[in-house]
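Hi everyone, thanks for making time. I'd like to walk you through one structure today, so let me put it up on the screen.

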Amino acid sequence: MDFDILIVGAGLAGASLAAALRGTHLRIGVIEARPPAPAGDWDARIYAISPVNAAFLERIGAWEHLDHSRIAPVYDMQIHGDDGGRLDFSCYDSGLDELAWIVESGLMQRELWESIKRQHNVKLLCPAVPASLAREEDKASIFLEDGRRLDARLIVGADGVQSWVRDKAGIEAHFSPYAEKGVVANFSCSKPHHGVARQWFRKDGILAWLPLPGNRISIVWSAPDAVADELMALEPDLLARRVAEAGGNQLGVLEALGPAQAFPLRLMRVDDPVGARLALIGDAAHAIHPLSGHGINLGYQDAMTLADKLAALPGWRDPGEIEVLRSYARARAEETALLQYTTHGLNHLFRPTNPIVSGLRNLGMNLTNRIPVVRNALVRYAISGKF
Ligand SMILES: Cc1cc2nc3c(=O)[nH]c(=O)nc-3n(C[C@H](O)[C@H](O)[C@H](O)COP(=O)(O)OP(=O)(O)OC[C@H]3O[C@@H](n4cnc5c(N)ncnc54)[C@H](O)[C@@H]3O)c2cc1C
């Protein structure tokens, strides 16, 4: 047997799983098509990392090696409805140091990559592309396009939303496209943001302004396809003006720091993230609307949960045993389903409909804002995954 575990995909989910298994006896192979892009200007892919996942990254030795001059804490969140509704979350009111951290995707990716490259129980196969998958009772095998055969007791699909592993394993994925794109871009701003994340539920989509270090912000505008295409066609200075106006010019004049990028948005669910000698983690197991900023937060929790289950096994136990995989799937089912359905529901609630629905949703936001117990419970949930 070549490996105990073969992970396909060294994105944030796959690489963090490998890193979390550092202290174990498990022999790990990681198959990745391409290495991460080298460091450059500010990455337009940024994530709001919850404190629970910052703690996970710290536990696996990645957090302290990130360049903290490129990471911004979020102290407050202001959420605006489309008709005067407003919700405020503050770390001060909730007794926390910060609500989240805004971190570039590439920054985490490169750190995890360097870390697993040096890891004694990891063999990184890159560039490598799998061609076929075979599963037997006591092992699974992947044949690479270059003809190599790799055997393992467990295959982990961490290969993103279009997962090859999921497809070859015959695990059906249910896609519900939102007919929306997430337009992401970075801007400098003429007024300080004071570590406040802002979100507007607008008639033309959901716009988030997330603080970056210094007088900079990163935006995610989840907009219907036609609006997103229109935003992407704008010259950088016109896009900056449109984004500033959409946010009521709260941070003064915006200037584009690089080109915008657009990502199609969809909900993706699987009936079961595990099968014979196989488990899915990260976007291979679920895709979610970015309005709550939870995609990779869910992926990190998948990696942590699976790593904990595997690390707890005595040496004689088989990491590909279906009971082990089932207990991973059970542990992740509730949080994944809850976040998928709440973000899906919120997205639908704020679609342009009739004025009565609009009035009710804005009233709901204002009521929640006036009841600190409910508001603080929402903050605790966003941060720890528990009410
Ligand atoms: C607009 C937008 C905004 C978002 N904002 C947030 C946010 O604020 N917070 C948050 O938590 N999440 C956010 N997300 C979600 C987040 O981007 C994803 O959840 C996350 O990138 C998934 O990571 P992953 O490692 O599971 O998959 P991926 O990042 O897709 O990684 C998969 C890896 O597998 C490799 N691979 C794929 N196929 C193969 C193959 N056949 N062979 C070998 N290698 C392969 C790829 O090269 C890649 O390295 C957002 C998403 C969008 C679209």
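Let's start with a pair of strands. Strand 12 and strand 17, residues 261–270, run antiparallel to each other, and 10 bridges hold that pairing. If you want a spot to look at, find histidine 174, which sits opposite arginine 269 of strand 17. Strand 17 also has a partner in strand 20, residues 286–287, again antiparallel, with 2 bridges. And here arginine 269 turns up again, standing opposite histidine 286 in strand 20.

Before I go on, please keep in mind that this is a predicted model.

Okay, zooming out for a second. The protein chain has 10 helices and 20 strands. Of its 387 residues, 54% count as buried. And if you take contacts between residues at least 6 apart in sequence, 72% of them join residues at least 24 apart.

Now on to helix 6, residues 236–246. Which residues of helix 6 are buried? They are Leu239, Ala240, Val243, Ala244 and Ala246. These cover an arc of only 165 degrees around the axis, so they end up on the same side of helix 6. Remember the general rule here: an α-helix has 3.6 residues a turn, so residues three or four places apart point the same way.

What about the face turned away from the buried side of helix 6? That one carries Asp237, Arg241 and Glu245, which are exposed.

And what do the buried residues of helix 6 pack against? Quite a list: strand 12 (173–189), strand 13 (196–202), strand 14 (205–212), strand 15 (216–224), helix 5 (225–233) and strand 16 (254–256). After helix 6 comes glycine 248, and its phi is positive, near 60 degrees.

Last stop, the cavities. There are 2 of them in the structure at 30 Å³ or more.

Key
Residues numbered from 1 in each chain as written. Predicted model: local features only at pLDDT ≥ 70, side-chain atom pairs only at ≥ 80, totals over all residues. Heavy atoms only, no water. 1 Å grid on protein atoms, 1.4 Å probe; cavity = no way out; pocket = protein on both sides within 12 Å on 5 of 7 lines; lining within 4 Å. Points joined across faces, edges and corners; volume = space filled by probe spheres on them. Buried < 20%, exposed > 50% of the residue type's maximum accessible area, 1.4 Å probe, protein only. Helix = DSSP H or I, 4+ residues; strand = E, 2+ residues; numbered from the N terminus. Arc of directions from axis to C-beta. Contact = heavy atoms within 4.5 Å. Pairing = 2+ DSSP bridges.
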